[in-house]
Structure formats: structure tokens, C-alpha cells
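Trainee: I would like to go through this structure with you. Where shall we begin?

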Protein chains: 2
Amino acid sequence: MDKREVAPLANAYRLLNPGCVVLISVGDGTRDNLFAVTWNMPAKKEPGMCAFLSSKGHHSYPFIVDTREFAINIVAADLAPALYGCGTVSGRDEPDKWQRFALNREAGTQIAVPVVAEAVANLECRVNQMVDLGSSSLIIGEILAARADRQHFDDNGWRFDKGLRLLHHLGGKRFCVSGEELTVR
Amino acid sequence: MDKREVAPLANAYRLLNPGCVVLISVGDGTRDNLFAVTWNMPAKKEPGMCAFLSSKGHHSYPFIVDTREFAINIVAADLAPALYGCGTVSGRDEPDKWQRFALNREAGTQIAVPVVAEAVANLECRVNQMVDLGSSSLIIGEILAARADRQHFDDNGWRFDKGLRLLHHLGGKRFCVSGEELTVR
């Protein structure tokens, strides 16, 4: 895949605009993990921020608290089985979900967390604040770097003329796919 | 449209799962307004919570601060022009966006805010907390009631076999549409 830096970085929120389910990667330089997150959104244009929900009981949660780093990886519809697998198998039981679900690590450029090579976009983030919601936390991160597939994302956002199919979560094993653009006049 | 209550209410988060752009309605019993929000997500299953971003400068922002109530209205792709209109015209300049964009008010059941009759789903919410992000606020609301089109939403979530086309925002006048289900094995 041929990815390029999203520039200006203030455009990175457009990666998250359509509300896709994402894979979040965490790591401390020695161990790492991957998990699926439906509940995510952009939170600010400049500096670019994003927000997502994590249960405090998740295997990945202490990584986020300790390292204050995470990456958001946006996968297209062909990776739905891998995403679903990463969302249903715990890192407690499977220390290497990457290998199990045939995903490859790429080094982050701004953080020590690896990103998913097969994702159509990667956003490298540092925790800005965490909002306590009882059993879960709403995590707000600053976007430090973003890369996206040159074929499917340009300065205006995602484009669908080269066959991109984005993935949205309905619930459980059910997803829906967006692959058609609609422009209002 | 034939809507039914989402029951149990703990399923209401599934309305927001796919990451659609929504119309938010606010009102104080005398005046009201409608605005489009791309940056929204579920935040908790039970009690049901949702979160969205609002600029503090928006005409609707004081309504939310004062009444602590809002409704999320999910519109299908055929209402993209009305949604875009509500998102680009300020309530300062147009006191009745409903009339201007041919939308009808329905009374809320739990809040004083009207909901959009033409939306495929309506969620009535009360502010739980607001997180200060400088020029904007992240607003977390508890979902007090939810109704959805009987044809397009059931206990498992959205269904697409009756022609539902959901709307996701790319940026500016550009949207994408999801209308195809994908189930992993």
C-alpha cells in the first residue's frame, strides 16, 4: 500500500469523519496489543484531536494509562474478519493478535506504538485527557501524525472511485459498508 | 413513518453505532433550533449515553447549557440536502430551519425539545456532563428515550433489507452512504 502523510495535519479529522469502526494499537516497546473500537470520533480540528471509549477492564487499558500513546488504524471492509477477531479475542489469551489475524506491524513515526500496515490509514496519538465514566473512560487524544492510502484519501477526504469500502459497526458480527459518495448541491 | 420505542433502552446505542452524521434539535419551549453534527458516538450501554462535540459559538449552544436537553435525529440519505442546509445556515439568521428545510416537529416524550418527524430514529437526551475543550465542548448525554422506524431497526440493530441508506459525513458537501450489510462468520 502506498501511504502518504496527511498534510496539513489539521485535515486528519477527515479520516475519522465517516464514523468507521477502527483498530486501536497500543504498546510499551516490549509488549503490544490490538483491539476494535466502534465508539470513536474526531474531537478538534487544530490541534487535531480524537476521542474514543475504552472499558477500564480491557487488557489494553493499562498500556494507554502508562504510555499515554495509542494509534488508530482504519481498515477497509476486506479486513472485517481480522477486525472482528481483534475485538473478540482478549490480549490476555492471545499475546500476538497481529500474527493470529495476519496483520503486520509498522513502526510509528511519533510514538513507540506500532501501527497496522494493512490499514488504509493510521493516526498516531498522545492522550490529552481522560474522562471518567465509571467502568469506562472516554479518552481524548491529540493526533501527532497521520498517514493514509494515497489512492483512497486526498486533501478533500476519503474518495471512493478506486473501490474503497469503509466499515461501520452495527453490533456483534454485523457491519455495514459505505462505498458510494453523495454530494449535495 | 411507523416508529416504535427501542426496548430495552439499553439497545439504543446501536442506533449510533454506525457513525452517521445526525441532526441535533434543541429548544426551550418557546424557541428551538436544528443543527448537523458529524462528531458523535455512543458513550455507554446502560444507562445509555452518547457524546458529541459542539462549538461554544453555535447558536444552539446556550440552549444546551440552559435546558440541559437535546435530541439526536438520525436521517437517511434522502434528507442529505436538508441536513446540509441545517448545518450551514445559522439559527441566528433563520429562526425556523424546520420550515425552511421542510422538516416537521414532533413533541419529545421525555424532554421539552421537539424531534424531527422525518428522521428514521430519534433519541431524547439529558446532559450528564460537559468537557471543556477550549472553543468547543464535548457534551455527554444520557439517553432517556429512543424511537426508530420499525421497518429499518429491530432488536439487533439497523437492517438494510428494506432499502435503508444511512448517511456518513466526509467533509463539506461530501457524504458517503452505507446500505449494504456485511456479516462476519
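Mentor: Begin with a definition: two strands pair if DSSP finds at least two bridges between them. Keep in mind that this is a predicted model.

Trainee: How many bridges join strand S1 of chain A and S10(A), and in which sense do the two strands pair?

Mentor: S1 covers residues 3–5 of chain A. A:Arg4 stands opposite A:Ala148 in S10(A). The sense is antiparallel, and the number of bridges is 3.

Trainee: Which residue of S10(A) stands opposite A:Ser54?

Mentor: Look at strand S5, residues 49–55 of chain A. S5 and S10(A) pair in the antiparallel sense over 7 bridges. Opposite A:Ser54 stands A:Ser137.

Trainee: How many bridges join strand S9 of chain A to S10(A)?

Mentor: S9 spans residues 121–132, and the two strands run antiparallel. A:Leu123 has A:Ala146 as its bridge partner in S10(A). The number of bridges is 11.

Trainee: Which residue in the turn of the S9(A)–S10(A) hairpin has a positive phi?

Mentor: The hairpin leaves 3 residues between S9(A) and S10(A). One residue in that turn has a phi of about 85 degrees. That residue is A:Gly134.

Trainee: Is strand S10 of chain A mostly covered or mostly open, and how many of its residues are buried?

Mentor: A residue counts as buried if 20 or more other C-beta atoms lie within 10 Å of its own. S10 covers residues 136–149 of chain A, and the strand is mostly covered. Of its 14 residues, the number buried is 10.

Trainee: Now the two chains. By what turn can chain A be laid on chain B?

Mentor: The RMSD is 0.0 Å, and the shift along the axis is 0.0 Å. The two copies are thus related as by a two-fold rotation axis. The turn is 180 degrees.

Trainee: Why do the copies meet through the same surface?

Mentor: The contact takes 42 residues from chain A and 42 residues from chain B. The surface is the same because the interface residues of chain A are also interface residues in chain B, at a share of 100%.

Trainee: Which element gives the most to the side of chain A that touches chain B?

Mentor: Several elements each supply at least two residues, including S5, helix H3 (80–88) and S10. The top contributor gives 9 residues. That element is S14(A).

Trainee: Which residue of S14(B) stands opposite A:Ser178?

Mentor: S14(A) is joined to strand S14 of chain B, residues 174–183, by 9 bridges. The two strands run antiparallel. Opposite A:Ser178 stands B:Ser178.

Key
Residues are numbered from 1 along each chain as its sequence is written. Chains are lettered from A and ligands numbered from 1 in the order in which they are written. This is a predicted model: local features need pLDDT of at least 70, side-chain atom pairs count only at pLDDT 80 or more; totals for chains, interfaces and linings use all residues. Copies are superposed by least squares on the C-alpha atoms of residues with pLDDT of at least 70 in both. Two residues are in contact if their C-beta atoms, placed from the backbone, lie within 7 Å. A residue is buried if 20 or more other C-beta atoms lie within 10 Å of its own, exposed if 12 or fewer, and partly exposed in between; C-beta atoms are placed from the backbone. Helices (H or I, at least four residues) and strands (E, at least two) are DSSP runs, numbered from the N terminus.
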